[in-house]
Amino acid sequence: MKHLLSTADLSKEEAVGLLDTAAQMAATQSREIKKLPTLRGRTVVNLFFEDSTRTRISFETAAKRLSADVINFSAKGSSVSKGESLKDTALTLHAMGADAVVVRHWASGAPYQLAHAGWLDAAVLNAGDGMHMHPTQALLDAYTIRRHLAARGSGLAGDGGDGVGADLSGLRVAIVGDVLHSRVARANVALLRTLGAEVTLVAPPTLVPVGVGAWPCRTSYDLDATLDEWRPDAVMMLRVQRERMSGGSGSFFPSPLEYSRYYGLDARRLARLADHAIVMHPGPMNRGLEISAEAADSDKAVIVEQVANGIAVRMAALYLLMAGDSSAEGNDL
Ligand code: CP
C-alpha cells in the first residue's frame, strides 16, 4: 500500500491489518512516554484546503507521536489564495522533501491527482475530498465499532478485548441523514461491507444519492422502522452539511424542525435502541438538528471516543505507509 485514498481500495486483510496496527498503536499510548521513534527524520505535510478540527489535529498528533517532523499548511493564508495551482503547491512540497502528504480538499479526486500525477514522491493520505471519501474516518469508525461490538458478530476470533483480528461480520450499522453530501457515508459503506457488516442508509429521498442502488447496502426512508424492525447494533448519525446545500436547506427538506422530527436521533428514539447499541457521529455535530443533546451525551454515545481512536488509527496509517511494512510485527513499537 503506497497511498491511502479510498476505503474501496482496501482488501479485508489490509483493513483488518490496519485496525490491528491501530490497536497496537493505542496500547503504546497508555505508556508514560507516548512518543515512538519510528518516523524520526521523516516529514509529514498536512495540506488542508478545507476547514477541519478533528482530522487535522489528530493527523498532526499522530505524526508527532511517531517522531515525524510536521508541517501544517492551510490554504487560507497561503499562496493558494493568490491563485497558486495544486500542481505548483505539490511541486513546492516536493522541493521541501515531504515524505507523506495528508490532504483535505473541496474537490473530489484531488488526492488521486496528487498521488498519481507525478508531482510528488510521497505517500498521499486522503483526509477528505469533496463528497467522495474520508478513509481514515471510516477506519476510526470501524475501529470504534470493533472495540465495542466485535464479540457480538460472527467475525474472526477476537481476543475479547480490542477485538484484535476480528472483522465486523454479523453486525448491523445504520447510517442516518445527509447521505447525499457525505464522504463519511461513502467511505463507511465500502469499508463496513469489506469487513462483513450489513449497512442500511436512512435518509429523506432528497438526500439519497442517485445510483445508490448499486451501493452494497440497503436504503430506507423510515428511521423509526429501521430502528424498530432492523435493530441496528450501531447508529451513525451524519451531519446535515448546509454549506454544500446551494440554495439553502429549504431545497432539501421543508424545515429543520421537520428534519429533526423524521430523521433526528432524540431521547425517544434513543430509548428504543438495543441495550448494547452504540451511537456514533463523525463530528462536527449540529446539536438539535440531526442529534439531540440527550442522545449526543448519553451513555450509548461513543462520539468522543471516536475522536480519541482517530489518533491511533492515523498513527497506524502513517506507520504502514511510511515505514514500508504491512505488519507491525517485528517492528519496535
Ligand atoms: N470528522 C471530521 O472529518 O471532522 P473535521 O472536519 O473536524 O476534521
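Exposed means over 50% relative accessible area. I start from that cut-off because E243, at 53% relative accessibility, counts as exposed. E243 forms a salt bridge with R239, and the closest N and O atoms of that pair are 2.7 Å apart. I keep in mind that I'm looking at a predicted model.

**Domains**

I looked up the division of the protein next. Domain 1 takes in 7-133 + 309-322, and domain 2 covers 135-308. I find 25 Å between the C-alpha centres of the two domains. On the contact list, 31 residues of domain 1 meet 35 residues of domain 2.

**Cores**

I then went for the nonpolar cores. The largest one holds 96 residues, and I145, I175, L201 and L318 touch the most other members. Helix 11 (residues 303-322) gives this core its largest share, twelve residues. Domain 1 and domain 2 both give residues to this core, so I place it between them. As background, nonpolar side chains tend to be buried together in soluble globular proteins.

**D141**

Which side chain of opposite charge is nearest to D141? I get R314, but R314 is 8.1 Å away. D141 is buried and has no salt bridge. I did find a polar contact between the side chains of D141 and Q306, at 2.8 Å. D141 sits in helix 5 (residues 135-149). Not counting residues up to four places away in sequence, D141 touches V184, N188, M236, M280 and Q306.

**Salt bridges**

I count 14 salt bridges in the structure. I checked R42 with D99, where the closest N and O atoms are 3.8 Å apart. R42 lies in the loop between helix 1 (12-28) and strand 1 (43-48), and D99 in the loop between helix 3 (86-95) and strand 3 (100-105), so this pair ties together parts that are 57 residues apart in sequence. R42 is partly exposed at 29% relative accessibility, and D99 is partly exposed at 25%.

My next pair was R272 and D228, with the closest N and O atoms 3.0 Å apart. R272 is in the loop between helix 9 (267-270) and strand 9, and D228 is in helix 7, so the pair ties together parts that are 44 residues apart in sequence. I have R272 as partly exposed at 24% relative accessibility, and D228 as partly exposed at 37%. R272 and D228 also belong to a network of salt bridges that links them with D224 and R269.

I noted a cis peptide bond from G283 to P284, with omega near -10°. P284 is in the loop between strand 9 (278-280) and helix 10 (293-296).

I also looked for positive phi in residues other than glycine. S67 has phi near 70° and lies in the loop between helix 2 (54-65) and strand 2 (69-74). R231 has phi near 55° and is found in the loop between helix 7 (223-230) and strand 8 (234-237).

Is S67 buried or exposed? I have S67 down as buried, because its relative accessibility is 15%. R231 is partly exposed, with a relative accessible area of 37%.

Technical notes: Residues are numbered from 1 along each chain as its sequence is written. This is a predicted model: local features need pLDDT of at least 70, side-chain atom pairs count only at pLDDT 80 or more; totals for chains, interfaces and linings use all residues. Side-chain values use heavy atoms; hydrogens and water are left out. Helices (H or I, at least four residues) and strands (E, at least two) are DSSP runs, numbered from the N terminus. Buried means under 20% relative accessible area, exposed over 50%, partly exposed in between (1.4 Å probe, protein chains only). Lys and Arg count as positive and Asp and Glu as negative; His and the chain ends are not counted. A salt bridge is a side-chain nitrogen of Lys or Arg within 4 Å of a carboxyl oxygen of Asp or Glu. A polar contact is a pair of N or O atoms within 3.5 Å; within protein, one must be able to donate a hydrogen and the other to accept it, and residues adjacent in sequence count only if both atoms are side-chain atoms. Contact means heavy atoms within 4.5 Å. A nonpolar core is a set of buried Ala, Val, Leu, Ile, Met, Phe, Trp, Tyr and Cys residues joined through side-chain atoms within 4.5 Å. Domain bounds come from an automatic or database domain assignment.
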